[in-house]
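I opened this notebook to keep track of what I looked up, one topic at a time. The entries should be read beside the sequence and the structure.

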Amino acid sequence: MARTKVNVAALYAALDAARASRDLSWRQLAVQVGVSPSTMTRLANGNRPDVDAFAALVSWLGEPAESFMVDEGVRSGEVPEEPELLVQLAPLLRARSDLGEADVKHLEELIGAAVRRFAADRESGSR
C-alpha cells in the first residue's frame, strides 16, 4: 500500500528535537521555516499541515518527505512498521564531517548493541 498519510506525531517530534537543539522558540522556528506560527499550533494539536507547509518543514529538517509518511490504512495511535534503526542511522552518521570512519563504526556497534538489548528485553517481557 502506498504511503499517503502524514505521520504528524513523527513530524512534530522531529521538529521539536531540531528546535530544541538549535535553542529556538516555536515562533522562531516558524519564521526560519517560512510558515505561520499557527501551522506549528496545528501540528501540536495533531492536525496535518498543508502541502506547502509540509514541504517547507521537511526541507528545513533536511529529511526526505517519505520519512514522515505512513500507509493510508494506519489509524491514529497505531505505530507503523519502521525500518531497522541502524538502516536509518547509518547514512546520517556517515554523512557527518565531524566523525571519522572509526567513529562511525564504533557508534554503529554501540547502537546495534543497544537495539539488540532492547529487543531482548521486549522479548523476555512478552513471555
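**Ground rules.** I noted that this is a predicted model, in which local features need pLDDT of at least 70 and side-chain atom pairs count only at pLDDT 80 or more, while totals for chains, interfaces and linings use all residues. I also noted that residues are numbered from 1 along each chain as its sequence is written, and that side-chain values use heavy atoms, with hydrogens and water left out.

I had to check the naming: helices (H or I, at least four residues) and strands (E, at least two) are DSSP runs numbered from the N terminus.

**Leu11.** I then asked which residues Leu11 is in contact with, once its neighbours within four places in sequence are left aside. With contact taken as heavy atoms within 4.5 Å, I listed Val6, Leu43, Pro49, Phe54, Leu57, Val58, Leu61 and Phe68.

**Salt bridges.** I counted four salt bridges in the structure, each being a side-chain nitrogen of Lys or Arg within 4 Å of a carboxyl oxygen of Asp or Glu. One of them joins Arg19 and Asp16 at 2.7 Å, N to O, and both residues lie in helix H1, three residues apart, about one turn of the helix. Is Arg19 buried or exposed? I read Arg19 as buried, because its relative accessible area is 17%, whereas Asp16 is partly exposed at 27%.

In helix H6 (residues 101–125), Glu109 and Lys105 are four residues apart, about one turn of the helix, and their side chains meet in a salt bridge at 3.6 Å, N to O. Glu109 is partly exposed, with a relative accessible area of 45%.

My last entry is Arg117 with Asp121, whose closest N and O atoms are 3.2 Å apart in a salt bridge. Arg117 is exposed at 54% relative accessible area, while Asp121, at 39%, counts as partly exposed.

How values were computed
Buried < 20%, exposed > 50% of the residue type's maximum accessible area, 1.4 Å probe, protein only.
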